[in-house]
Amino acid sequence: MSRPARIRAFAILEEDFTVADGLLTPSLKVRRRAVTERYAAQVQRLYEDGS
């Protein structure tokens, strides 16, 4: 794999994504905008640590 395509950091969340909490669609697809809004601080930390 090319260097930009490699996973350099990840986070394990304490809760599952569900339709009820708005993070999944009824067909169980991830609502990426909702996830990035709810976990903005964690995403930011991943980018800061991965530099």
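Mentor: Keep in mind that this is a predicted model. Let's start with Thr 25, which sits in the segment before α1, the helix that covers 32–38.

Trainee: Is Thr 25 buried or exposed?

Mentor: Thr 25 counts as buried, because its relative accessibility is 18% and the cut-off for buried is under 20%.

Trainee: And which residues does Thr 25 touch?

Mentor: Leaving aside residues up to four places away in sequence, Thr 25 is in contact with Val 19 and Arg 31.

Trainee: How much of the chain is buried overall?

Mentor: Of its 51 residues, 10% count as buried. The accessible surface of the chain is about 4700 Å², and carbon and sulfur atoms account for 53% of that.

Trainee: Okay, zooming out. How many helices and strands are there?

Mentor: The chain has two helices and zero strands. As for overall shape, its radius of gyration is 13 Å, well over the 10 Å that the globule rule gives for 51 residues, so the chain is more spread out than a compact globule.

Trainee: What does the C-alpha trace span?

Mentor: About 35 × 25 × 20 Å along the principal axes.

Trainee: New topic: charges. How many positive and negative side chains are there?

Mentor: There are 9 positive and 7 negative side chains, and the centres of the two sets are 11 Å apart. Side chains of opposite charge can pair when their charged atoms come close.

Trainee: How many salt bridges does a search of the whole structure find?

Mentor: The search finds one. That salt bridge joins the side chains of Asp 21 and Arg 38, with 3.7 Å from N to O. The pair links distant parts of the chain, 17 residues apart: Asp 21 belongs to the segment before α1, while Arg 38 is in helix α1.

Trainee: How accessible are Asp 21 and Arg 38?

Mentor: Asp 21 is partly exposed at 23% relative accessibility. Arg 38 also counts as partly exposed, with a relative accessible area of 42%.

Trainee: What about the backbone, say at Leu 28?

Mentor: Leu 28 has a positive phi of about 65 degrees, although it is not a glycine. Most residues other than glycine have a negative phi. Leu 28 is placed in the segment before α1 and counts as exposed, at 59% relative accessibility.

Trainee: Last one: where is Ala 40?

Mentor: Ala 40 is in helix α2, which runs over residues 40–49, and is partly exposed with a relative accessible area of 40%.

Methods:
Residues numbered from 1 in each chain as written. Predicted model: local features only at pLDDT ≥ 70, side-chain atom pairs only at ≥ 80, totals over all residues. Heavy atoms only, no water. Helix = DSSP H or I, 4+ residues; strand = E, 2+ residues; numbered from the N terminus. Buried < 20%, exposed > 50% of the residue type's maximum accessible area, 1.4 Å probe, protein only. Contact = heavy atoms within 4.5 Å. Rg over C-alpha atoms; globule rule 2.2 N^0.38 Å. Areas by Shrake-Rupley, 256 points an atom, 1.4 Å probe, with all protein chains shown as cover. Lys, Arg positive; Asp, Glu negative; His and termini not counted. Charge placed at Lys NZ, Arg CZ, Asp CG, Glu CD. Salt bridge = Lys/Arg side-chain N within 4 Å of Asp/Glu carboxyl O.
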